[in-house]
Amino acid sequence: MIRAGDTDGHGPDQHAPTLLIADDLTGALDCAAAFAGRGVSSFVSVGRDIARAPRVELVSVNLDTRRLPAREAAAVVARTVAGARSAARLRYVKIDSTLRGHPGAEIGAAAEASGAGLVIVTPAFPATGRTVDDGRLSVHGVPLAETEVGRDTLSPVATSLVSEVLRRDCPLPLRACSLREIRSGRLRAALAAAMGPAGAQAPSLLVCDAATDADLDRLVAGALQWERPAAPILFAGSAGLASALARATSRGGAPVAETPTAAPPVLLVSASQRALAGRQFAQLAERRLAEVHALRFRIDGSGQAIRTHFDRQAVSGALAARRSVALRTDTEGGAPSPAETRTTADAISRELAAIVAGLAAEHPIGGLVLVGGDTARAVLSAIEAAGIVLAGEVEPGTPVGAIAGGPLDGITIATKAGAFGDDDTLVRLFHRLDPHPEGPPA
């Protein structure tokens, strides 16, 4: 566990775990899964209290800061990093691959609190279509600001320029590193210029392009070669950069963990309103891999969510018969303001989580799949889980492991961000969790 008493008071000892901090739960899971799948024992905490973490090599902490104001988010990061500094080595700051939340504020706070000499930053996640070229972030070739994610009412991003988003909340100096520099012999010079002289008052952020996994591998390899003991390098990015760091630093050259399986029934849960999440659930129904049930809400004129439909008896009957269920929320009605939208989303997630906790108490659940960060956090809190012991990932952005703590302790769980994957992602996940299904639901 991460405890101050595990050290001699002069910093973390050689056996101290690596610390990864994240702004939401799915991000904490995605990044840690890259290490777990390569044999690094990894634990992801549901909340900021990591005292219940087992002894592992990597602890990934969900700070749940995306919903906070920038200044408050930075303060949470600073307190967490400072409090763990004597017992763990902060190596990674997870930011959203589409720059939602307050990435600049959180990276800046982590860099200063950890004593980093340089921060390597890129949100690129090529495996999920997130690429950065000439400083601009695109999603499947579309500039971020023009995508559904960029126009998200909960956390909109008005520009596709990565440095512009970071400068909004980060006072530290920023430098850019282009694809040409990464792919040529000029990367070393870019790193040297960004590192600055020894004893510099504040670290710099090197904001990097990356269009392929090979770009991320070159970037990490170059940074690790340039790193100095007195000025460690901090990495900040999505699961794309975390995967490159795992490939460069973990013991094995290839994934070693097998995907855990789940006995039926599997309960899939989502409060994501992404069009992609809807298509993924539709594919489950079309393939008859799970019964899809809706928890419907009407949004009234004040932005309140009023439940209008949920067939609990049908869901309970399916689970009792060991048929898998995909439960998702549906909303209709007027569009609330951004502040009301957050309040409404939180209320819906809490109600959904309470229903899941009740169903899990009434019926044996063989596996749990949670879609969306807010959904995952709410459900895991409702079932009193301390966190997840990770085994790896089924595919990029879909980590899998076992629930730690609470009544579902030891049950196989998989998570996925609402905006990740393609239409068949949940179908592939279901087959990996239950490779020999008994047949379609009756």
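Two strands count as paired if DSSP finds at least two bridges between them. Helices (H or I, at least four residues) and strands (E, at least two) are DSSP runs, numbered from the N terminus. Two bridges join strand 7 (residues 136-139) to strand 8, and the two run antiparallel.

The model is predicted; local features need pLDDT of at least 70, side-chain atom pairs count only at pLDDT 80 or more, and totals for chains, interfaces and linings use all residues. Residues are numbered from 1 along each chain as its sequence is written, and side-chain values use heavy atoms, with hydrogens and water left out.

**Overall composition**

The protein chain has 13 helices and 19 strands. Of its 442 residues, 58% are buried; buried means under 20% relative accessible area, exposed over 50%, and partly exposed in between (1.4 Å probe, protein chains only). The chain exposes about 17600 Å², of which carbon and sulfur atoms supply 51%. Accessible areas come from the Shrake-Rupley method with a 1.4 Å probe, and for residues only the protein chains shown count as cover. A contact means heavy atoms within 4.5 Å. Among contacts with a separation of 6 or more, 74% are between residues 24 or more positions apart.

Twelve of the twelve residues of helix 1 are buried, so the helix is largely enclosed by the rest of the structure. Among these buried residues are Leu25, Asp30, Cys31 and Phe35.

A nonpolar core is a set of buried Ala, Val, Leu, Ile, Met, Phe, Trp, Tyr and Cys residues joined through side-chain atoms within 4.5 Å. The largest such core has 126 residues, and those with the most contacts inside it are Ile21, Ile107, Ile120, Phe235, Leu368 and Leu380. Helix 1 gives the most to this core, with nine residues. A second, separate core of 18 residues includes Ala326, Val400, Ala414 and Leu429.

Leaving aside residues up to four places away in sequence, Phe235 touches Arg91, Tyr92, Val93, Ile120, Val220, Ala223, Leu224, Leu241 and Leu245.

**Strand pairing**

Strands of a sheet pair through backbone hydrogen bonds, either parallel or antiparallel. Val139 has Val142 in strand 8 as its bridge partner.

Gly387 stands opposite Ala404 in strand 18. The two strands form a hairpin with two residues between them, and Gly397 in the turn has a positive phi of about 85°. Strand 18 also pairs with strand 19 (residues 412-416) in the antiparallel sense, over three bridges. In that pairing Val400 stands opposite Ala414. Six of the seven residues of strand 18 (residues 398-404) are buried, so this strand is largely enclosed by the rest of the structure.

**Salt bridges**

A salt bridge is a side-chain nitrogen of Lys or Arg within 4 Å of a carboxyl oxygen of Asp or Glu. By this rule the count is 24.

| Asp24 | Arg66 | 3.4 Å |

Glu351 lies in helix 11 (residues 338-362) and Arg307 in strand 14 (residues 305-309), so the pair ties together parts that are 44 residues apart in sequence. Glu351 is partly exposed, with a relative accessible area of 25%, and Arg307 is partly exposed at 39%.

Asp134 is exposed, with a relative accessible area of 58%, while Arg136 is partly exposed at 43%.

Asp24 and Arg66 are both buried. These two residues belong to a network of salt bridges that also links Asp23, Lys94, Asp96 and Arg100.
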